[in-house]
Amino acid sequence: MISQNYRRISVMTYKTKGVCAREIEFEVDENHKVHNVQFVGGCSGNTQGIACLVEGMDAEEVIKRLKGVKCGFKNTSCPDQLSIALEEALNK
């Protein structure tokens with residue numbers, strides 16, 4: 001019998017609040033590593049940069065670094081919304 005090594009991944013879609021991006025799609029694996037972050041809408045260069053920077057990072061580290069980041073006069077930002085989405089994913 002051939003044993004296969006499966007990696008459990010949670011795929012999430014988070015509807016953002018208070019930012020230009022409408023939603024964030026991402027995956028969190030069984031080791032709480034973040035993968036394939038995609039923002040729908042928002043500032044393309046910035047959101048692509050965020051997605052590249054957090055690829056493979058521990059979700060808790062991403063939350064720690066991005067939580068509370070503000071965009072101009074808004075109380076939140078796309079990075080902050082990603083941290084909120086990751087918190088929800090980890091609490092499921």
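Q: How do the residues lining the largest pocket divide into nonpolar, polar and charged?
A: They divide into 8 nonpolar, 4 polar and 2 charged. Ala, Val, Leu, Ile, Met, Phe, Trp, Tyr, Cys and Pro count as nonpolar, Asp, Glu, Lys and Arg as charged, and the others, Gly among them, as polar. This is a predicted model, in which local features need pLDDT of at least 70 and side-chain atom pairs pLDDT 80 or more, while totals for chains, interfaces and linings use all residues. Residues are numbered from 1 along each chain as its sequence is written, and side-chain values use heavy atoms, leaving out hydrogens and water.

Q: Which residues lie nearest the centre of the largest pocket?
A: Cys43, Cys71, Ser77, Cys78 and Pro79 do, out of 14 lining residues. A lining residue has an atom within 4 Å of a point of the pocket, which is an open set on a 1 Å grid over the protein atoms alone, where a 1.4 Å probe fits, with protein on both sides within 12 Å along at least five of seven lines.

Q: What makes Cys78 buried or exposed?
A: Buried means under 20% relative accessible area, exposed over 50%, and partly exposed in between (1.4 Å probe, protein chains only). Cys78 has 14%, so Cys78 is buried. Cys71, at 42%, is therefore partly exposed.

Q: Why is Thr76 called buried?
A: Its relative accessible area is 10%, so Thr76 counts as buried.
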